[in-house]
Amino acid sequence: MINIDSRTHVRGESIYVNDIPLREDTLFGVVFASPLAHGKVKSIDFSEALQIDGVEGIISVKDIKGENQIGGIIQDEELFADKTVDYIGMPIALVCAKTERIAKKAVSRIKIDIEELHPIVTAREAYAAKKFIVPSRTFKIGDTESEWKSCAHIIEGQAEMGGQEHVYLETQGAYAYLTEDDGIKIHSSTQATKYVQRAAAKVLGMPMHKIEVDVNRIGGGFGGKEDQGTPWACMAALAAQTLRKPVKLVLSRAEDIKMTGKRHPYSFDFKLGLSKDLKIVCYEVQCFQNAGACADVSPAVMERTLFHGTASYFVPNARITVHSCKTNIPPNTAFRGFGAPQGMFVLEAALMKAAVTLGVDMMEIQKKNLLSEGDRFPYDQEAKNCNARKCWDTAWKTFGVEKLKKEVADFNQKNDLFKKGVSLYPLCFGISFTKTSLNQGRSLVHIYSDGTVSITTGVVEMGQGVNTKILQAAAQTLSISTRRFTIHSTNTSRIANPSPTAASSGADLNGKATIMACQALLARLKGVACQELKAQDPGDIEIKDEVIYHKGRKTELTWARLVFLTEEARVSLSEHAHYATPIIHFNKAMEKGHPFAYHVYGTAVTVVTVDCLRGTYNVDLVKIIHDFGSSMNLDIDIGQVEGALLQGIGLMTIEELLIDQTGKLVYDDLSSYKVPDIYFTPRTLEVKPLDSKPDPLALLGSKAVGEPPLMYGIGTYFAILKAMREFNPQLKLELWAPMTHQKCLMSLYDNYGDLLK
Amino acid sequence: MLNFIVNNKEVRTELPPGSALVDYLRDVLHLYGTKIGCREGDCGACTILVGDLKNGGVKYETMTSCLMPLGNANHKHIVTIEGINGDELTPIQTELIQKNGTQCGFCTPGFVLSLYGFCLGDKPRILENAVEAMGGNICRCTGYKSIERAAGAIVEQLKPMGKSDQVQWLVQNKFLPGYFLEIPERLRKINVGKVVEIKDSGCIIAGGTDLLLQDPEKAIESEANLVFGAKEYKQIKFVGNKCYIGAASTFTDIKESKELNRLFPKMADYVKLVASTPVRNMATVGGNIANGSPIGDVSVMFIALDAVLVMKNKGKTREVTLKDFFAGYKKVNKDPEELIEWIYFDTPDGKTLFSFEKICKRDFLDMATVNSAMRVVVDNGIIKKASFAVGGLGPTIRYLEKAAGYLVGKRIDNQTFKQANRIAQTEITPRSRAEYKRSLVRQQLFIHLMNFSPETISLEALR
């Protein structure tokens, strides 16, 4: 089934926050933010800005009736900077004016005096200064200390992985206005209506029931609007409350990039021990997470790094530690993969270093150590229905990896100026929020008397096609036409307390709740049908393709008629259902448990060509065997794989998040921060579903697909590195992602010093 | 008073001609299908079609409405996604849906319009050109392959379309609504006898792609002197042995120019590295030079050709060598109201060789980290003349006189390269990422020489 939103998308008729028709008197907000990464605020002077014609007010900490606090996991985040500023781009005030242009002009007239303090920019600096968001955590399995001596080879090293800007095409934004009796309605571009509602209530000093948050859809989120849709919504709501006028706040791209957090940069120290036959015996890693100025979701991101520290491999003795380091950059946040790419990258880097050091093929080490059925992860869960080896073997055979390797070797022999590299990347990703309590979904289903149906769930549509999947699940459960459905906006008045749309879990949690609601409705409808048909047992009644069957025999009774009769019989045609994932649990004190409903597996084959004169590269081919369980919608699922893959390739290659010593982001707009364009996408891309079993905890057996495929991009990094080594076998192995054009060229030629002679 | 057609409706406005078209479309006309993704021409979400009378019909090109001055819409046909929509989906919309070419949908109208730019353009209707048409559209969801597949299907559907009367064919085949057939006549009515009139004063605005990005307030508040599309300066002509390029020529004009591609066989490939299709349709040669960018691609090319600018100020004309035109970072030796009319250079003869290189963070739609151009005249294997311009090393584009001077009288071989590189390295002082930029200068110098004489120079020179 095609994405139900696609018709309005291609006609430009889909409505995002910035497209909502405005109420008269709407004011436009522009944020005034800190120009310095760290300092004490001595004074702020708004007077000149306030004199500009059309400026209606400047909202700052003094206007907050509740608390100046929007922190989620930890209450450590101010809405507006008060006494100190902690990062460049930290909001200080919101200028509200009759037009955005006036507001912008006024922002430029605000004067601020800040006593500058030394900023801490990198995770390692913060670690040295003992600045942490939360205490460090360690996952352990086996006994590394005693097993090092049994290792034939020990490989140690450092690795780095840069952050990533989300570049959701729709920037952050919100539109807020007063409703009757001092209520507030907020249209927000958020993945988490609950977070917006909860934080706004706190800031505005209002009870949650007075605040209605509505999300029609968002123009991409990727995690960037899980926690960070909140500040803008709170500011708009606070301004609306204070000025008693509707206020719209939509960030410009430059503001968005400067003010919002990103994927966490990580720095690593690793130590890997292999046996003589290349089995992983021991693995230790210290991960230094650059969390930014406040917690946001960093503690949860840190947790997922721990969970995925052994990636798709079985490691009998492991010790994985993450330090969440507090720095003076914008609070880093959720981003598709959520700490897993970092944990997976460093192990892969260690394997690459081992392969180079020992002079063996990296694929040999990878293959020998893949997870098998029943292997335990460091957090004690067993790998069940483990498809790691099956994906690898299927990819190897289906895509002719032997032949590819030979072709690449032949090419490299014949060419000096261009070199190719081929890599395989095995994927294993756990599905569920690692915080068990978030694993709940909600759905409200109304059947109208004409037989049409509306559904509201807690999930936010952001292009991932979740609403289409929910509609499919409902239509299948009720056995009626998909044309009878509308999926409504995500709204706190219809669905209370929803978990954020995150962790790839939106379809599973809210789809299962929808099925539960439909099943309850179905039971009531069957009861009415039973009476109408004068049958004995509702269990004998079945609805198939909008027709009612009794004991397998078609009756005259249709869906529409039955709905009408149900209403006449004063039986409810509405149902709200709640789903909580069974089985899962986790004991944080022990760092053990069964946190994931299931795992997703896959293997990606990547071939790249490096232009050895320019230090640039192309991705020639990516071919993927992916474990969808039993996909309920391959169109949507393959779209998720392809999109996540390219985002992952961008992360590992051209997307460079550079922060200078003053805490300033060096590439802070789309002309300097480059994401993949159409020319950058792999020349050949093929995604094939693994012949896999439906998973009972996945919606209709169809495994979650949002995040896992992003990590296939890791394969591109190592394919490039392999190609580079073909040109310069002596190159210094710097395991530092992303592999920018700069790093590529500088590694290809290590004779830089000769330049000046 | 500006007067033009938006979709099927004639509009008039007195808003400042230097304001961005996208704001007029969204805030005044409430056409919300045109999205704002970046306001810097780097995402394509605001892509529209701009139709202008040409040879009796209307020629349509895509432009990014965030960087397009409202005044440049005057007397034109502006088409947004709403102007494409009919009761039924068009084949382009259908293919994007069928191939799952849309996820969050925010970029989608821009892609649709870019594909229309491809359908309405003059270039061969092959997938490569459809992709180029979408080179300015960023999608963060799909990974582009599904969009590429949709484009492939559209290429197939367009096969029966002839080279002329595209609009007729597209209307007949339900790609475009019927009103497009009346647009030429309607445009003629509002456009009768009107040409772009260049004034003696005011803020000179050409394509607007730099000004609306760098200083939108100035563009709105100044009295605008709109020069975009001025026919007298939108041409390439030859006078004696000089080649004159009109300053109002767009990058697309340069890329598509038969004459320039004859003189410089790889010109189209070079210009493809500059910005993206919709921006190339707006950005002008004069604008690229006047903004004084230290990485201006056109400036780098023309400095290596020892080009000369012809400028006019209040009726007076003067000439200045391009390499002496740049005074500092984004500063040029020009009165603000002085108009660049022409740029000219010696028409290359059979012995002249030219090469341009640009290396960026991303191969396409990116600013150069370092760009460079070299021109040599080679006779019997000996370099007779050489010039070498490099951008990205400091506040202005550098003309590496000593390195170029050294090359004169030499054969192209590894030794020559090595020595030229040593000299070039003494002439440059990159301010940021110095090691990388020095390396890029070496690599580009090597590539230029290799382009000129692949048999006599080898990779060994770099080791």
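Two strands are taken to pair if DSSP finds at least two bridges between them. Strands themselves (E, at least two residues) and helices (H or I, at least four) are DSSP runs, numbered from the N terminus. The model described here is predicted, so local features need pLDDT of at least 70 and side-chain atom pairs count only at pLDDT 80 or more, while totals for chains, interfaces and linings use all residues. Residues are numbered from 1 along each chain as its sequence is written, chains are lettered from A and ligands numbered from 1 in the order in which they are written, and side-chain values use heavy atoms, with hydrogens and water left out.

Chain B has an open sheet of its own, with five strands in the order 2-1-5-3-4 and mixed pairing. The edges are held by strand 2 (9–13) and strand 4 (57–64) of chain B, each with a single partner strand, so one side of each is left without a neighbour in the sheet. The twist in this sheet averages 30° from one strand to the next. Strand 3 (residues 47–54) and strand 5 (residues 77–79) of chain B run antiparallel and are joined by three bridges, with Ile78(B) in strand 5 as the bridge partner of Val50(B). Helix 4 of chain B packs on the sheet, touching strand 3, strand 4 and strand 5, and its direction makes about 25° with that of strand 3. Helix 8 (residues 183–191) of chain B also packs on the sheet, touching strand 1 (2–6), strand 2, strand 3, strand 4 and strand 5, and its direction makes about 175° with that of strand 1.

The two chains meet in a contact (heavy atoms within 4.5 Å) that takes 77 residues from chain B and 75 residues from chain A. About 6,700 Å² is buried between them, of which carbon and sulfur atoms give 56%; buried area is the accessible area (1.4 Å probe) that two parts lose on being put together, summed over both. Across this interface there are ten salt bridges, a salt bridge being a side-chain nitrogen of Lys or Arg within 4 Å of a carboxyl oxygen of Asp or Glu. Arg614(A) and Glu357(B) meet in a salt bridge, at 2.7 Å from N to O. Among the elements that give two or more residues to the chain B side are helix 4 (108–120), strand 15 (352–359) and helix 19 (434–452). Helix 19 of chain B gives the most, with eleven residues.

Over all chains, the whole structure has 65 salt bridges. Asp19(A) forms a salt bridge with Lys35(B), the closest N and O atoms being 2.6 Å apart. This pair crosses between chains, from the loop between helix 1 (6–10) and strand 1 (27–33) of chain A to the loop between helix 1 (21–28) and strand 3 of chain B.

A cis peptide bond, with omega about 0°, joins Ala737(A) and Pro738(A), and Pro738(A) lies in the loop between strand 30 (735–737) and helix 19 (741–748) of chain A. Asp306(B) has a positive phi of about 55° although it is not a glycine; its place is in the loop between helix 16 (297–304) and strand 10 (308–313) of chain B.

Definitions and conventions. Axes are lines fitted to C-alpha atoms, for helices over the stretch in contact, and angles run from 0 to 180 degrees between N-to-C directions.
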